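This report covers side-chain contacts in a single structure.

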Amino acid sequence: QVQLVESGGGLVQPGGSLRLSCAASGSTARINTMGWYRQVPGAQRTLVARISESGVTNYVESVKGRFTISRNNAKTAVYLQMDSLKPEDTAIYYCNVDAYISGSFRDYWGQGTQVAVSS
């Protein structure tokens with residue numbers, strides 16, 4: 001299986017920046033896609049950004065031009081650079097990977113890291 005640990009969250013003022021990191025361990029060679037999701041109380045967890053096995057990226061419209069997802073070639077780390085942060089970006093951010101293990105694709109999640117954007 002794959003273990004994921006997020007870091008880099010915190011409190012930042014509107015317009016500021018944060019860089020989230022996710023360290024992957026275990027069966028990392030079997031990881032396909034990697035991504036970041038976020039969730040606020042009372043709402044569904046939603047996709048923020050995703051990078052495919054070939055390096056193609058996708059972003060939710062509200063973060064395009066402000067957030068950048070990246071990873072290392074070994075797929076042991078995925079990052080989310082967040083610039084021009086807005087209060088509505090406040091959420092718990094979760095790292096997610098999809099890995100092909102034991103004959104099927106499986107989802108793995110990190111524990112989450114809190115991002116708060118406030119003055």
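The model is a predicted one.

Two aromatic pairs turn up in a search of the whole structure. One of them joins tyrosine 37 and tryptophan 109: the ring centres are 5.0 Å apart and the planes meet at 65 degrees, so the pair is edge-to-face. The cut-off for that label is a plane angle over 60 degrees. Tyrosine 37, at 17% relative accessibility, counts as buried, because buried means under 20%.

## Charges over rings

Tryptophan 109 also has a charged group over its ring: the charged end of arginine 45 is 4.8 Å from the ring centre.

A further arginine, arginine 19, lies over the face of tyrosine 79, and the distance to the ring centre is 4.2 Å.

## The disulfide

The structure has one disulfide. Cysteine 22 and cysteine 95 form this link, with 2.1 Å between their sulfur atoms. The pair connects distant parts of the chain: cysteine 22 belongs to strand S3 (residues 18-26) and cysteine 95 to strand S9 (residues 91-101), 73 residues apart.

The angle about the S-S bond is -85 degrees, and the link of cysteine 22 and cysteine 95 is left-handed. Both cysteine 22 and cysteine 95 are buried.

Methods:
Residues are numbered from 1 along each chain as its sequence is written. This is a predicted model: local features need pLDDT of at least 70, side-chain atom pairs count only at pLDDT 80 or more; totals for chains, interfaces and linings use all residues. Side-chain values use heavy atoms; hydrogens and water are left out. A disulfide is a pair of cysteine sulfur atoms within 2.5 Å. Helices (H or I, at least four residues) and strands (E, at least two) are DSSP runs, numbered from the N terminus. Buried means under 20% relative accessible area, exposed over 50%, partly exposed in between (1.4 Å probe, protein chains only). Rings of Phe, Tyr and Trp (its six-membered ring) pair if their centres lie within 6.5 Å; planes under 30 degrees apart count as stacked, over 60 as edge-to-face and the rest as tilted. A charge sits over a ring if NZ of Lys or CZ of Arg is within 6 Å of the ring centre and within 35 degrees of the ring normal.
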